[in-house]
Amino acid sequence: GRALPVATGASEGRSDPVRRTTPSHFPAYALFAAMLATAGLPIYIHAPKFYVDTYGVSLSALGAVLFGLRLLDVVQDPLLGRLSEVLRYRRALAVALAAVLMAAAMVGLFAVEPLMPPLAWFALMLALVFSGFSFLTICFYAQGVARAEGVASGHLALARWRETGALLGVCAASVAPVVLGIWLARPFAGFAVGFAALTASAVWAMRREWTASGVTAPVGFSVILRDGPARRLLLIALVNAAPVAVSSTLFLFFVESALAAPGWEGPLLLLFFLSAAAAAPGWGMAAERFGARRTLLTAMVLAITAFGSALFLKPGDVALFAVICVVSGAAVGADLTLLPAMFARRMAVIAPTAAEGFGLWSFVSKVALAFAAVVLLHALDRAGFEGGGASNPALALNVLTWLYAGVPCVLKLCAIWLLARADNLEDS
């Protein structure tokens, strides 16, 4: 990409000091990533089932709401990326306010009895959670691009800390309601309060990292979308995120009904995400040695092997599914570590402030979750599937199995094809 002019901030009457992050600061990024991850994928795992079991809301209605919220992101995420750039001199304050909003909405979602019809309350609280999540994610990843410059293997090194922290956050959030259920009558309320405490800790740990970084002025979306490698990475991210979105949305239902193993959801989910967290640093080191593209292709093939094996499971095959969780989780560790690092490295070349770029990145990642919510939950509903441990007809269970294991294989093959054809990404 062409060199871009450096903005000193003089036109605004401000100095724009350069402050680089050193590896000693990376643990703060890991904690903040863990907090964000807690508000991301686990919400798709827990919230639909919680509202189905607690308030009797239909799967189709929940899927429609989740899809509508993703449509909001079509407009919102790019605008939030622009807002992050506008507020780059006040980013610490903006981050603190967004974190308070997100934590309060999480408490409202799980710990407060709906103050309006449950479906409307679900939509309102999730809209606030997702808005805070989107803004914080954009700021966080953009800040990492600027901070990683000048550090040896900076983007991959920061990615290892950041994505390992995120995966540990997903692990904790995925099983927290189950564990809290041992001691609390309202485990999801405890989860929400714990999230608020984690948010306060993460914001405090990152308080010195939000200074303006002396990089370029905002470049606009057109610069990013005109760049071939950036466009290809965004498309690959969209297609590659879909398998994780599908499996995560249906995981609890699959274990409870297809495997007929109620009570095993928490341990198996923990095993899946712990495997991802454990594998993430290894994938990062492999990428430094063999190249990110080749390493990611290897992980994608491994993921297809794991998901394909799940098609042949029968009720009671918990041990076999545990092995699949380990293998598929390890593969997901590569997805969540290497692709963001590759995109961050490209943003450092064409758009070093990167907030707008990660506005687009956030958007394509959540489009995949929208697909999973609206299509899969509606398909299950049409097949006659009922959650909450209800007895389901064979057709509904077969549909659940094929959606959980078959659809990710097809989507992963598409991602492999796209990545294999993008042979210039290593030089981006």
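Helices here (H or I, at least four residues) are DSSP runs, numbered from the N terminus. The model is a predicted one: local features need pLDDT of at least 70, side-chain atom pairs count only at pLDDT 80 or more, and totals for chains, interfaces and linings use all residues. Residues are numbered from 1 along each chain as its sequence is written, and side-chain values use heavy atoms, with hydrogens and water left out.

I will start with the open space. On a 1 Å grid over the protein atoms alone, a pocket is an open set of points with protein on both sides within 12 Å along at least five of seven lines, a cavity is a set where a 1.4 Å probe fits but cannot get out, and lining residues have an atom within 4 Å of a point. Grid points are joined across faces, edges and corners, and a volume is the space filled by probe spheres set on the points.

The largest pocket has a volume of about 280 Å³. Its lining counts 16 residues, and H46, K49, V178, F188 and L252 lie nearest the centre. Which helix gives the most to that lining? It is α2, with 6 residues. By class the pocket lining has 8 nonpolar, 5 polar and 3 charged residues, where Ala, Val, Leu, Ile, Met, Phe, Trp, Tyr, Cys and Pro count as nonpolar, Asp, Glu, Lys and Arg as charged, and the others, Gly among them, as polar.

Of the 31 residues lining the largest cavity, F133, Y141, L336, W361 and S365 lie nearest its centre. The largest share of that lining, 6 residues, comes from α13. The lining divides into 23 nonpolar, 5 polar and 3 charged residues.

Next, helix packing. Axes are lines fitted to C-alpha atoms, for helices over the stretch in contact, and angles run from 0 to 180 degrees between N-to-C directions.

Helix α4 (residues 91–111) packs against α7 (residues 187–205) at about 170 degrees, with the axes 8 Å apart. The two are therefore roughly antiparallel, the term for angles over 145 degrees. Their contact has 15 nonpolar residues, 1 polar and no charged.

Helix α11 (residues 292–310) and α12 also have axes 8 Å apart, at an angle of about 150 degrees, and are therefore roughly antiparallel. In this contact, 15 residues are nonpolar, 3 polar and 2 charged.

Conventions
Parallel < 35°, antiparallel > 145°, perpendicular 65-115°, else oblique.
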